[in-house]
Amino acid sequence: MHSYLWFVGKRILQLLAVIFCGVSATFLVTHLSPIDPVEQVLGRLSARSNLSPEAIASTRAALTELYGTGQPIVTQYFNFWMRLLRGDLGPSLLAFPTPSMELVARALPWTLGLLTTSTLITFIIGNLFGALAGYNPDNRFFQAFGIVAIAVQPIPYYVVAFILLVIFGFLWPVLPISGGFAMDVRPGLTLTYIGSILQHSILPALSLVLVGFGGWFLGMRALVSNIVNDDYVTYAELGGVSRRTIVDAYVIRNAMVPQLTALAMALGGVFSGTVITEQVFNYPGIGSLLIDGVNYGDYSLVLAVSTVSITAVALAIFIVDLLHPLLDPRVRTE
Amino acid sequence: MDRRSFMMGTAVSALLLASKGLAFAQEAEGVAPDLAQFPRNETVIVHNPEGIIRNPGWFNPWVVGAGNGTSNGLHQLTTDTLWLIDPDAGVAGASENAIYNSLADDLWQYNEDFTEMTVKLKQGITWSDGVDFTADDVVYTVEKQKATPGTPFNGAFTAQVASVEATDPYTVHFKLNASNSRFHTLFSVRWTGAWIMPKHVFEKVEDILSFDNNPPVSLGPYTLHSFDPNGTWYIWEKRADWEKTALGMVGEPKPRFIIYRNNMSPDNRLIEMRNGNLDMVHDLTPEATFSVVAQDPQIKGWFPGFPYAHPDPTLVMAIFNHQNPKFQDKRVRWALTLMLDARAMSMASYRGAATLSAISVPPTGTHPRDYHGPLQEFLTNYEIDTGTSKVKPYDPDIGLQIAEMVRPQFGEAVPSDETAIRNAFGYGWWKQNIPAAEELLTAAGFTKNGNQWMQPDGQPFTFSVMVPTDGVVNRLGSIIAQTWAQNGVQAEVEAASDTWDRQRVGNYEVNIAWAVETWGGHPDLSFFLDSYHSAYVVEPGASQPDRNWMRWKDPRLDEIIEKIRGIDFNDPKGIEYGTDFVKLHLEEMPNIPIMAYNVFSLQSTRYWTGWPNAENNYANPVTNWSNGRYIFTQITPAAGA
């Protein structure tokens, strides 16, 4: 137990170091961006008005002062960490003076809801069928399933999404193709609202599942194909252990260890969002929020999204590290 | 607890947390409509080209960069100011020379030297909460923004207004810091303008920069009904007292509800229009437009047939950086012009659906009447001395040629009447004349080595052509660079995501963009031309005020600008001075005017009819312009809708 606590302590230090380095690197990259948020605002303001050059210059000076973009980068970096330690990532510059975290908090649940669900569905279908295909290599159904998985996996995601959009939005318009929920539904913890969310998430989720399950399927099939030839599986079969027990307890459980690691990484990556899904289906989420932040030079918002994403990925790895010795006794903490 | 139960419990808890978060994210703005309240004969659904509105509950347009929606109905249906100028002809009887007196009862009245302006306001207008609109609101708008950095007109009012006072409840008097015959244009909407603030609301607010103004008190005939907390739709409802608004005094807005939907991908909006879930689309790609109008006869564009698109009063051009020595000789600029092929540019960018302009005024609104038409004879006889020969470069029939090129594909959709063709495809452009271009380059000291033109200093003539990453302007820049390269000039396309920033600081060699925007319905050119004065041209690397991106300086240009500054907006001499500008521009060719920024705005007649179009050009149909408000007074429900 003592060695495990020491192991946990080391991993916590690593976690903090990863977050610090990742966030600092993001700060540097965003502040070295040639996109100036003040110029972005000025561009939107002056492009459609006939403001005189004097008025534009005056507005530029006022916004630079207001946004604090004129400060030296070291001062901004110091102020950033001071604010972050208080849980404040500063005002968004594309929605000034709304706090950046407010924008993230508004978009994040949509991304989490969609991607967590679709990732889990993809994981379950891919691994279940992959394991059965690996254990039953001569079964024609699983052979056909494998061909489909190999055929679908390389299709670019946007092509699959577009095909679904055309089929279910135009040719056979039975599913909503836009937004997170219907205009005639009141948000709240009601069955109608949840039903509307589920209905609107079918196409985005289906597109993600179609493209995503192949990877899990092929990976699991390959893992199981190796495990079924191991001595302990042969021994169990010779010993008369039922096929179901062999598949469930001996084969899949052993093959799942690397897959669970990959799942944890995938779930951590959920916080980065899916830009194309959000664009094609006009679905709310954090991916397009990040793109907007980059395009508008809103480094405050980019930092907020990145900090959440970096922390999530680092935490996912941290949790996997902690669970690994518990899941797989062969892994030691020392 | 065993291991399996622990893992299942963890997964279920995570999902519950996620779903709880989803509900929490929405609960701040909970007013959702029942669609049964929106019968289609009372409801217009409009596509708003904005992306996701990041600050959806913010309705205070008097803060810069607050992340709120603008063309989500807020600036079309709830705001107002003194005058509006239509990019097209304006509603007959309600406007004159495309100018609407909106909150103003009459046109601006300046003193002799344009240092003071007096405005008479309409009486009988009320805010949506029943409070009268008066001169105090106008005074407050100016004084509050002048005193508050971070408001959109802080810079303009600080620079230009010495004082403002209400001499009576319906008269405002401005004293200006300097003579300014175009001061009224701050309160004249082209796309937007200085919207008047409700004094009785904002004077109670301590910090207007952090005030969301939700729900907004409206000066227009609609108020907020509901909106999407994720920032993708807004619904507005007609006020019971709509007649107490400036728009209501033009005519009754017919729709009871107007829904603006934004963040719609091109495929999405195409499908939604075909499915009857959109009445107005801001724009589509040329190809999508040709497809949808062929499939659905109820969907209409600006022109009844090809090219369908509405020409915006914005002129796409090849902009040379005059602070780059490569482009400081006008013979070089003209040579590059004569290398281009208008037909190829039209086909590559808009599949032929372009409206060409050889002069530095967009071929849209009333400009063909004021500039393009009257200048045809001058252009036809215009002569260039190449140093070796004299050529007449203008081809008045290029529009007709392009019409013939697209006729095999689009058949009867292409107009056959010559006037209709000129209006749709443009009056004419420069003939591609490679020998003349080569003579001009030779006269400028260039030499040809094989198929490569060398500069006078012996270096190859190479440069980059900056274009946006996609869209028709990207396609246009690509064909331009390709044409120059084919003729011995090593021009390379540079697709950039930050073209706006780079053109502002002059970080480009040739830029495909626009440096000319006009009122459209009015011949005055000050909207863009005033900023061309040499006093505003900055050093390389510094930020250049909008629109003289080429940083062109010429004392003759300054003289024209100063003459325009010395006359009233409506003075007929404005066209004369504008024509002088066009001629000077032709002589110098500081940039190459090419075509109007055509926007494929479409309307469906399934539920509503009476949309503006080229034959009944009372308004600009492009949905994000606030002038589009007048459309709602002219449309009527379709029979049987």
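Good morning. Chain B has a radius of gyration of 26 Å, taken over C-alpha atoms, which agrees with the value near 26 Å that a compact globule of 641 residues would have. The rule behind that expectation is 2.2 Å times the number of residues to the power 0.38.

This is a predicted model, in which local features need pLDDT of at least 70 and side-chain atom pairs count only at pLDDT 80 or more, while totals for chains, interfaces and linings use all residues. Residues are numbered from 1 along each chain as its sequence is written, and chains are lettered from A and ligands numbered from 1 in the order in which they are written.

Let me begin with chain B as a whole. Its C-alpha atoms fill a box of roughly 80 × 80 × 55 Å along the principal axes. Buried residues account for 57% of the 641; a residue is buried if 20 or more other C-beta atoms, placed from the backbone, lie within 10 Å of its own, exposed if 12 or fewer, and partly exposed in between. The secondary structure comes to 21 helices and 27 strands, which are DSSP runs numbered from the N terminus: H or I of at least four residues for helices, E of at least two for strands. Two residues are in contact if their C-beta atoms lie within 7 Å. Among contacts in chain B between residues at least 6 apart in sequence, 71% join residues at least 24 apart.

Chain B is divided into domain 1 (41-267) and domain 2 (310-599), with bounds from an automatic or database domain assignment. Their centres, taken over C-alpha atoms, are separated by 34 Å. In the contact between them, 13 residues of domain 1 meet 16 residues of domain 2.

Within the range of domain 1 we find strand β1(B), residues 43-47. Is this strand enclosed or open? All 5 of its 5 residues are buried, so β1(B) is largely enclosed by the rest of the structure. T43(B), I45(B) and H47(B) point one way, and V44(B) and V46(B) the other. V44(B) stands opposite I258(B).

I turn now to another sheet of chain B. Five strands form an open sheet of mixed pairing, in the order β22-β21-β23-β14-β24. The edge strands, β22 (490-495) and β24 (591-599), each pair on one side only. From one strand to the next, the twist averages 40 degrees. Strands β21(B) and β22(B) pair in the parallel sense over 6 bridges, and V467(B) has A495(B) as its bridge partner.

Finally, the two chains meet. The contact takes 58 residues from chain B and 62 from chain A. On the side of chain B, α1(B) gives the most, with 9 residues. In chain A, helix α2 (37-47) has 8 of its 11 residues buried, among them P37(A) and L45(A). What covers these buried residues includes α3(A) together with α17(B). Thank you.

Terms used: Two strands pair if DSSP finds at least two bridges between them. Axes are lines fitted to C-alpha atoms, for helices over the stretch in contact, and angles run from 0 to 180 degrees between N-to-C directions.
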